[in-house]
Amino acid sequence: MAKFQPVSVKLKDGGELLIREAAPEDGEALLEYLDAVSGESDNLTFGPGEFGITLAEEQEYLRKMQERKNGIYLLGILDGEIAATLSFAAGGRPRIAHVGEFGMSVRQPHWHRGIGTALLSAFLDWCHETGIIRKVNLRVRADNQRAMALYEKCGFKVEGRMSRDMRVHGGFVDTVLMGKEID
Ligand SMILES: CC(C)(COP(=O)(O)OP(=O)(O)OC[C@H]1O[C@@H](n2cnc3c(N)ncnc32)[C@H](O)[C@@H]1OP(=O)(O)O)[C@@H](O)C(=O)NCCC(=O)NCCS
């Protein structure tokens, strides 16, 4: 059986979002996506030009990700273009194989269309189906209300706060730790 069965989601405005696992062949489009999305908010751990991964490294990363049972890289595709991504990796050792952290983003022109909700829901369904993943964590900028509203809506709870967890434009930013148990 495929690790992740692609799913097509009808958005509230009628758009059609395809959610599928990323493959090494997506490497180039993914690097272009990351470059674009990094300039659309200050909420990610990298700004424009700061991702610092070559195409060969990205392709190798995607290949390894495909092989993992407790990690996944999902793409949200709109009209053939990457509109959103979500990546997650749990630990490599037995005691931490059930728990990991994810990060996600949606291209700014497509915010508030329900894409973030659809992608996160598909990811949480997959977590449940793996039977391995029992806890999902994330870190979000303490002032990123929009993302926190999405995570709370999907059942995540605040578990802590880290001071000076990011440095953006020279200023320190706190992050909030959120988590959801998968049963
Ligand atoms: C955060 C992000 C992923 C949300 O994606 P999205 O596709 O816009 O999310 P959705 O349209 O599914 O909206 C999800 C929820 O966010 C909240 N939300 C959306 N737009 C909002 C707005 N303008 N103001 C406040 N809350 C808002 C709502 O609770 C919404 O749920 P609802 O539609 O049921 O009311 C997206 O804005 C993004 O990529 N931002 C930049 C990068 C980022 O912040 N990533 C997260 C890092 S932790």
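## Helix packing, cores and selected residues in a predicted model

H3 and H4 pack with their axes 10 Å apart and at an angle of about 40°. This is a predicted model, in which local features need pLDDT of at least 70 and side-chain atom pairs count only at pLDDT 80 or more, while totals for chains, interfaces and linings use all residues. Residues are numbered from 1 along each chain as its sequence is written, and side-chain values use heavy atoms, with hydrogens and water left out.

**Helix pairs**

Helices (H or I, at least four residues) and strands (E, at least two) are DSSP runs, numbered from the N terminus. Axes are lines fitted to C-alpha atoms, for helices over the stretch in contact, and angles run from 0 to 180 degrees between N-to-C directions. Angles under 35 degrees count as roughly parallel, over 145 as roughly antiparallel, 65 to 115 as roughly perpendicular and the rest as oblique. H3 and H4 are therefore oblique to each other.

The crossing of H3 past H4 is right-handed; the term applies if the near helix is turned clockwise from the far one by less than a right angle, and left-handed if anticlockwise. On the H3 side the contact (heavy atoms within 4.5 Å) is made by Gly 116, Thr 117 and Leu 120, and on the H4 side by Leu 150, Tyr 151 and Lys 153. By class, this contact has three nonpolar, two polar and one charged residues. Here Ala, Val, Leu, Ile, Met, Phe, Trp, Tyr, Cys and Pro count as nonpolar, Asp, Glu, Lys and Arg as charged, and the others, Gly among them, as polar.

Helix H1 (residues 27-37) packs on helix H2 (residues 55-67) at an angle of about 110°, with the axes 9 Å apart. That makes H1 roughly perpendicular to H2. H1 contributes Gly 27, Glu 28, Leu 30, Leu 31 and Leu 34, which meet Leu 55, Glu 58, Gln 59 and Leu 62 of H2. The classes in the contact of H1 with H2 are five nonpolar, two polar and two charged residues.

**Nonpolar cores**

A nonpolar core is a set of buried Ala, Val, Leu, Ile, Met, Phe, Trp, Tyr and Cys residues joined through side-chain atoms within 4.5 Å. Buried means under 20% relative accessible area, exposed over 50%, and partly exposed in between (1.4 Å probe, protein chains only).

The largest nonpolar core has 38 residues, of which Phe 88, Phe 102, Leu 120, Phe 123, Val 136, Tyr 151 and Phe 156 touch the most other members. At least two residues of this core come from each of strands S2 (16-21), S3 (71-78), S4 (81-90), S5 (99-106), S6 (135-141) and S8 (171-181), and from each of helices H3 (115-130) and H4 (145-153). H3 supplies the largest share, nine residues. Another core, of 13 residues, lies apart from it and includes Ala 22, Leu 34, Phe 46 and Leu 75.

Beyond its neighbours within four places in sequence, Phe 88 is in contact with Met 65, Asn 70, Gly 71, Ile 72, Gly 100, Glu 101, Phe 102, Phe 123, Trp 126, Ile 133 and Val 136.

**Selected residues**

| Residue | Relative accessibility | Class |
|---|---|---|
| Leu 75 | 0% | buried |
| Gly 100 | 8% | buried |
| Ser 87 | 21% | partly exposed |
| Arg 164 | 58% | exposed |
| His 169 | 71% | exposed |

Leu 75 is placed in strand S3. Leaving aside neighbours within four places in sequence, Leu 75 contacts Leu 18, Ile 19, Arg 20, Ala 22, Asp 26, Leu 30, Ile 82, Ala 84, Thr 85 and Leu 119. The C-alpha atoms of Leu 75 and Glu 181 are separated by 23 Å, and the two residues are 106 residues apart along the chain.

Gly 100 is in strand S5. Not counting residues up to four places away in sequence, Gly 100 touches Phe 88, Ala 89, Ala 90, Lys 135, Val 136 and Asn 137.

Ser 87 is in strand S4. With residues up to four places away in sequence not counted, Ser 87 touches Ile 72, Tyr 73, Glu 101, Phe 102 and Gly 103. Ser 87 and Phe 123 are 36 residues apart along the chain, with their C-alpha atoms separated by 9.2 Å.

Two residues have a positive phi without being glycine. Arg 164, with phi near 50°, is in strand S7 (residues 157-168). His 169, with phi of about 50°, is in the loop between S7 and S8.
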